[in-house]
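User: I have not seen this structure before. Could you take me through it?

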Amino acid sequence: MPKAKLVYIMSLRNAAADKAGQHIDYRGQQRYMKSPLESLAQALDSTPLGDAYALEAVLFDDDEGSPRDRKALQDYGFGFAPSRQCIFPGELQAQGRRVNDIFHNVPSTYRRLPLEATAERAAGKKEFEQRLLDRLHALRADIVVLDGLLVILDQLARPQSPFFRRIVNIHPGITRLGSPFERRGAWATLDALHGARGQRVVDWHTRETVSVEPVRKTGASLHYVDTGIDSGEVIFDVLGTDIDPEDTILELRWNNFNRSLFPALHQGLALLAETVDA
């Protein structure tokens, strides 16, 4: 049976915020912050996932022409260099190929435009998605995994898209609607940390909070991508992370990656493999 061709899409700036590929302070000790991509690469070489999927490419949308992106990646850069920090070890391989050798940049340059430039940003975003679509076709992708892509897809996620229900997202929170542990959006981990402290953020711009009953557990979800924010159908989720209200954001990220996100990614992809026509 042929393997499904898997393409991974990410924002390096999100991995940089996690200190991916570095050792972080963890309660007076040091722990290595493994990225989801590094975890997947290792799983493709050591678990049955490698029989189901072939990692064809890793695409990233960071824009070297953007001052904000350059600042976010000042310790990492926009590509592998021996003299710079990388989000995973430079020698990391997946299925016989160095992961660094299959990295490709598809920059989301429209993000340079001010938010008020509505028409221009909409046109730029459409053009960005077309470039992504062209690259996915060139790679003959069967399944696309998003990880920390700080862009909400539109055209690619609609029912008329050739990649409808072929794009999935790994999210560091439970996304099931109505779950008492639901944490959607870009602030999912911080939202969970506030929740463990008995707070709910009512305005993310001001960080205004109100008191609520503490919720001291969180998890992760692999879900289909639609045009909303983490609102697609859940493929697999794991509620495996206890939260200590004294956690730092990076301590909670480390715990949640290792206890919930990596298992949700691996087990979710295993389930998805049963439905894919490669």
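Analyst: The notes below go from the whole chain to single residues. This is a predicted model, in which local features need pLDDT of at least 70 and side-chain atom pairs count only at pLDDT 80 or more, while totals for chains, interfaces and linings use all residues. Residues are numbered from 1 along each chain as its sequence is written, and side-chain values use heavy atoms, with hydrogens and water left out.

User: How many helices and strands are there?

Analyst: The chain has 7 helices and 13 strands. Helices (H or I, at least four residues) and strands (E, at least two) are DSSP runs, numbered from the N terminus.

User: What is the radius of gyration?

Analyst: The chain has 18 Å, which agrees with the value near 19 Å that a compact globule of 278 residues would have. The radius is taken over C-alpha atoms, and the globule rule is 2.2 Å times the number of residues to the power 0.38. Along its principal axes, the C-alpha trace spans about 50 × 45 × 40 Å.

User: What share of the residues is buried?

Analyst: Buried residues account for 50% of the 278 in the chain. Buried means under 20% relative accessible area, exposed over 50%, and partly exposed in between (1.4 Å probe, protein chains only).

User: And the contacts, what share joins residues at least 24 apart?

Analyst: That share is 67%, counted among contacts between residues at least 6 apart in sequence. Contact means heavy atoms within 4.5 Å.

User: Let us turn to helix α6. Is it mostly covered or uncovered?

Analyst: Helix α6, residues 188–196, is mostly covered, with 8 of its 9 residues buried. Among them are A188, D191, L193 and H194.

User: What do those buried residues pack against?

Analyst: They pack against strands β9 (167–171), β10, β11 and β12, and against helix α7 (249–273). Just after α6, G198 takes a positive phi of about 75°.

User: Which residues other than glycine have a positive phi?

Analyst: R207 is one of them, with a phi of about 60°, and D230 is another, with a phi near 55°. R207 sits in the loop between β10 (199–203) and β11 (208–211), whereas D230 belongs to the loop between β12 (217–224) and β13 (234–242).

User: Are those two buried or partly exposed?

Analyst: R207 counts as partly exposed because its relative accessibility is 36%. D230 is buried, since its relative accessible area is 12%.

User: New topic: where is E129?

Analyst: E129 lies in helix α5, which covers residues 118–139. Its relative accessible area is 4%, so E129 is buried.

User: What does the side chain of E129 reach?

Analyst: The side chain of E129 reaches the backbone nitrogen of D154 at 2.7 Å. Such a polar contact is a pair of N or O atoms within 3.5 Å; within protein, one must be able to donate a hydrogen and the other to accept it, and residues adjacent in sequence count only if both atoms are side-chain atoms. Leaving aside residues up to four places away in sequence, E129 touches I152, L153, D154, Q155 and L156.

User: Lastly, where is R166, and how far is it from N256?

Analyst: R166 is in the loop between β8 (143–147) and β9, and it counts as partly exposed because its relative accessibility is 26%. R166 and N256 are 90 residues apart in sequence and 25 Å apart in space, C-alpha to C-alpha.
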